[in-house]
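Have the viewer open as you read.

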Amino acid sequence: METYPITIGKITRHVPVVETLPGVHIPLVEIMGDVELVQAAAEALVKHLPPETDTLLTLETSPIVLAHAMSAISGKPYVVVRRKRRPYMQDPIIQEVESLTLGVTETLWLDSRMAEKLLGHNVALIFDVVSSGGTMMALEKVAKKAGANVVARLAAFHQGTSKLPLTALSEIPILQTA
Amino acid sequence: MKIAGVHRELPVVQVGPEVSVALFNMLGDTEVVEEAAAALAQRMPADIDTLVTPEVKAVPLAHALSRLTGRPYVVARKTEKPYMINPVSRTVISITTGKPQLLVLDGTDVPLLKGKKVAIVDDVVSTGSTLKGLSDLITDVGGVVGAVMAVFTEGSPRDDVIALGHLPLFKPD
């Protein structure tokens, strides 16, 4: 199996390279289940949290562990935006995502009881991997609808060449084959 | 409700025509997750090799428990991902959604489970349907379920789960 080395601080992982579209190969990063990598990324990313940050905002699924670890280190709370409507949600914020990578529309959901925790807050958006930025933009819209002010966009990895207002610890290429 | 020494008020939410539940959602509650993980780590049987958790809400708990105990954890996903290699799956009926729910293990995680003593880690064990599905999955890939650990049991008390507390079911008004 073809692999690609990714590194955060002193931690290196040789991750599988998968073909997502014909001729397009990407190193596949999965931080969930990798406690060492998540802790290393969290320790590095909390240094990029602006001091005025009140709350971390992330979305399911895999960035949750990163947000949790950053919250445990920094003492700042975090809120998780869901990718599915949950039965208990009341008056949720609903935001469509234009996903360029999959070409399908996704929807983000945030229960109003969670949205209340963001009102008037300075929030930092937390991601494991940002590629096209479509999901990041959608999460930013959720934050604004909840009345929050986005003060930082932090990711463990940035994949590809998109120019985004983002602080990432590590760059991952998109590999093309002829 | 006290959770490992931390107090939280849980909203009671109607989830069906005849039943309401105290909604325990520890996603985003770092203090509860860390305290619960510390309490569960002390009660985890010493011979456990690997932790298995269903996504989504219990994942931070499994992460924290893994960090504290040094045991790896595996996440059972709710959808099969295109990148999975030889995935293994089961369908269960979830109490919170009332719908069939798929549980999928990535084949690449099987070496962490095969021939290993496994602890299932969840936030709330209620009807046990997720638990049954996970147990079957673990057995399917050659693992042995050595413990079930949860923050809460719900509904009927059960002694097959290492839990920090119990949540009753409520009748809606």
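## Glu34(B) and its partner

Glu34(B) counts as buried, at 16% relative accessibility; buried here means under 20% relative accessible area, exposed means over 50%, and partly exposed is in between (1.4 Å probe, protein chains only). Its side chain and that of Arg67(B) meet in a salt bridge, 2.7 Å from N to O. The term salt bridge stands for a side-chain nitrogen of Lys or Arg within 4 Å of a carboxyl oxygen of Asp or Glu. This pair ties together distant parts of the chain, with Arg67(B) in helix H2 and Glu34(B) in helix H1 of chain B, 33 residues apart. Arg67(B) is partly exposed at 31%.

A quick note on ground rules: this is a predicted model, where local features need pLDDT of at least 70 and side-chain atom pairs count only at pLDDT 80 or more, while totals for chains, interfaces and linings use all residues. Residues are numbered from 1 along each chain as its sequence is written, chains are lettered from A and ligands numbered from 1 in the order written, and side-chain values use heavy atoms, leaving out hydrogens and water.

## Other salt bridges

Over all chains, the structure holds 19 salt bridges. In chain A, the side chains of Glu36(A) and Arg13(A) meet in one of them at 2.9 Å, N to O. Here Glu36(A) sits in helix H1 (residues 35–46) and Arg13(A) in strand E2 (residues 11–21), 23 residues apart; helices (H or I, at least four residues) and strands (E, at least two) are DSSP runs, numbered from the N terminus. Arg13(A) is partly exposed, at 26%.

Back in chain B, Lys117(B) and Asp47(B) pair up at 2.9 Å, N to O. Lys117(B) belongs to strand E9 (residues 117–125) and Asp47(B) to the loop between H1 and E5, 70 residues apart. Lys117(B) is partly exposed, at 28%, and Asp47(B) is partly exposed too, at 41%. Elsewhere, Arg90(B), Lys132(B), Asp136(B) and Asp140(B) are linked in a network of salt bridges.

## Where the chains meet

The contact (heavy atoms within 4.5 Å) takes 27 residues from chain B and 26 from chain A. About 2,200 Å² is buried between the two, with carbon and sulfur atoms giving 66%; that area is the accessible area (1.4 Å probe) that two parts lose on being put together, summed over both.

The rule finds one salt bridge across this interface: Arg77(B) with Glu30(A), at 3.4 Å, N to O. On the chain B side, helix H1 (30–43), helix H2 (59–69) and strand E6 (73–76) each supply at least two residues. H2(B) gives the largest share, six residues.

## Glu55(B), by Arg77(B)

Glu55(B) lies in the loop between strand E5 (50–54) and H2 of chain B and is buried, at 6% relative accessible area. Its side chain joins that of Arg77(B) in a polar contact of 3.2 Å. Such a contact is a pair of N or O atoms within 3.5 Å; within protein, one must be able to donate a hydrogen and the other to accept it, and residues adjacent in sequence count only if both atoms are side-chain atoms. The Glu55(B) side chain also reaches the backbone nitrogen of Lys78(B) at 2.5 Å. Among the residues that Glu55(B) touches is Thr61(A).

Notes
Lists of a residue's contacts leave out its neighbours within four places in sequence.
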